[in-house]
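Biologist: I've just opened this protein and would like to get my bearings. Can we go through it together, one question at a time?

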Amino acid sequence: MTDGTGSHYEVIVIGAGVAGIYQIKRLTDLGVNAAVLDAAADLGGTWYWNRYPGARFDSESYTYGYSFSEELLNEWHWKERFSGQPENLRYLNYVADKFDLRKFMQFNCKVEAAHFDEADNVWRLTLDDGRRMTCHFIILAVGLLSTPTLPRLEGMDSFKGRSFHTYYWPHQPVELAGRKVAVIGTGATAIQIIAEIADKVGELTVFQRRPNWSAPLNNGPISDLEMADIRARYGDIFAACARTPSGFEHEPDRRGFYDVTREQRLALWDRLYDEPGFGIWLSNFREIFMDEAANAEFSEYIANRIRQRVKNPAVAEKLIPRDHGFGVQRVPLETRYLEAYNRSNVHLVDISETPIEKITEAGLRTTARDYDFDIIVYATGFDAITGSFDRIDIRGVGGETLFDKWREGPSTFLGMLVHGFPNLLMPTGPQSGSASTNFPRGIETGVNWCTDLLQHMWKRGYIRAEATPEAEQSWTAHVTKMYAIMLMRKAKSWFTGYNSNVAGHEHGKVRYFVYNGGAPKYVAKINDAAANGYDGIVLTPDSRSSSRTPLRTTAQV
Ligand code: NAP
């Protein structure tokens, strides 16, 4: 069936990033008639867009790659423990080419609207160039941090130099030598850029509203010998990731914070601070996440590290967060970030004291003075989790929009289905397990579960899947309840839906965006639902016994 003006697919996947690439691999392996659409000019999602200097994983590279193909695991050599953006994009291209997936992808395809047509049981899509498509199932693999947001400042168009959000860092090299550069923001992105460009620019001025806790990445190369060892251990590595709440190899310290002495705590922290990756956050005592006093003691430990690394005591104090403890917001990992402030060409401006009033032709004006710049970098973050869903006009049964349904915050079943929006699947949706874990590990879980559901339907002749309202309410209540025990519920961060640049998201109203129960619990819950005949989902048989086939070929799903 088509609408006469475009193309019809059994499944349309929106987004050709890490999730979309794996999703189309699973579907086309089954012979399903499927396509991936992406607004970008090429594949890669996050790693296509974020080309700013210093962009790299803070997941260990070998835990970030796909685990589905032994051959791929054996072929690919990660060169660094935490690999950089160019290499990451090369990897995704390698995967797409190796498995011949490009032929299923269509680029420069921005989906503006997706409306469910109940009579025909199809989704009708409209692209921004006016093209139309239909599909039975729509899979949103749109990313969690893919809608960048800019400050709402007067004069932003008047600036005569170059300015861009980090997400849109130009594809052509940006001349930095001798330039006066401003970076606005001090989140994970800014922390990577600042450290990387401090010694490459003329002058660098950082405009900080709230400092962020950070810790050293401790990156390093991976030799041929180490890579051979990693290859031999891939089975154990992925098994460890599946066991931990965070989907990393880093396991929490199971000792009680108060059961060990202060000296033992310090010994653990000294060790973790010098180790690569997220150990400092995820291999710490579990009380750090839930107990104010434990968190305060650890935060003071990190504050002292800042005081040791930053020479100017006044600057060091400005870099220490006062409004939240370590780890209750997403922790950025850094490489000589703090040392950047020891350089004479790097300046820190505290805009909580002297706010930015406007962007000017020459630079910007704070309440204290005017600054001249050649380049302004907005490292101001994203309309996280629901932002990319909100920007597509998605309408379900009876014309209800997903935007309206989620206006006060998302509600989902397992983070993967929404009542009122049949045949719409989200392998990494709001309230799923992926945002709070090592993302690719969560992606594989979500994609496999969605694909299994589709296979279940195709085999049994079901044509429609919709979460029940009760199942959705119960899942959302469960997700909400788990925030109650976490200190992070108080943080002004994207985990709680805070974004000062998005109308309605400014005031710290908590949006229950992520599943906090940890990866093993999440996987157990979604597997239970599947094992119980997709309990919580109404599956409708095809009463018309039509001759429709989901297949592109004569293969069996
Ligand atoms: P972010 O963590 O949301 O940080 C945005 C920064 O911009 C904050 O410092 C914020 O200050 C500031 N800001 C926003 N609006 C502003 C305004 N109007 N005026 C002044 N300052 C403003 O965003 P991000 O750094 O892009 O990171 C987002 C997430 O992406 C990270 O948490 C992480 O999950 C992911 N990420 C991952 C990596 C990696 O894997 N290595 C690297 C980069 C990013 P306030 O805090 O005061 O709002």
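Biologist: How many helices and strands are there in the protein?
Modeller: Keep in mind that this is a predicted model, so local features need pLDDT of at least 70 and side-chain atom pairs count only at pLDDT 80 or more, while totals for chains, interfaces and linings use all residues. Residues are numbered from 1 along each chain as its sequence is written, and side-chain values use heavy atoms, with hydrogens and water left out. Helices (H or I, at least four residues) and strands (E, at least two) are DSSP runs, numbered from the N terminus. Going by that, the protein has 17 helices and 20 strands.

Biologist: And what is the radius of gyration of the protein?
Modeller: It's taken over C-alpha atoms, and the globule rule to hold it against is 2.2 Å times the number of residues to the power 0.38. For 557 residues that rule gives 24 Å, and the protein comes close to it, so it is as compact as a globular protein of that length. The radius of gyration is 24 Å.

Biologist: What percentage of the residues are buried?
Modeller: Buried means under 20% relative accessible area, exposed means over 50%, and partly exposed is in between (1.4 Å probe, protein chains only). Out of 557 residues, the buried share is 59%.

Biologist: Which elements do the buried residues of α6 pack against?
Modeller: Helix α6 covers residues 188-197, and seven of its ten residues are buried, so it is largely enclosed by the rest of the structure. Among the buried ones are Ile 191, Ile 193, Ile 194 and Ile 197. Their packing partners are β8 (180-184), β9 (203-208), β11 (333-334), α12 (337-340) and β16 (375-378).

Biologist: Is Ile 385 buried or exposed?
Modeller: Most residues other than glycine have a negative phi. Ile 385 has a positive phi of about 65° although it is not a glycine, and it sits in the loop between β16 and α13 (387-390). With a relative accessible area of 1%, Ile 385 is buried.

Biologist: What is the relative accessible area of Asn 218?
Modeller: Asn 218 also isn't a glycine, yet has a positive phi of about 55°. You'll find Asn 218 in the loop between β10 (215-216) and α7. Asn 218 is partly exposed, and its relative accessible area is 27%.

Biologist: Which residues is Ile 302 in contact with, beyond its neighbours in sequence?
Modeller: Ile 302 lies in helix α10 (residues 292-309) and counts as buried at 0% relative accessibility. Contact means heavy atoms within 4.5 Å. Leaving aside neighbours within four places in sequence, the partners of Ile 302 are Trp 213, Ser 214, Tyr 273, Ile 280 and Phe 326.

Biologist: Which element gives the most to the lining of the second largest pocket?
Modeller: On a 1 Å grid over the protein atoms alone, a pocket is an open set of points where a 1.4 Å probe fits, with protein on both sides within 12 Å along at least five of seven lines, and lining residues have an atom within 4 Å of a point. Here 25 residues line the second largest pocket, with Ala 242, Arg 441, Glu 444, Thr 445 and Val 523 nearest its centre. Two or more lining residues come from each of α7 (224-243), α15 (439-460) and α17 (519-531). With eight residues, the top contributor is α15.
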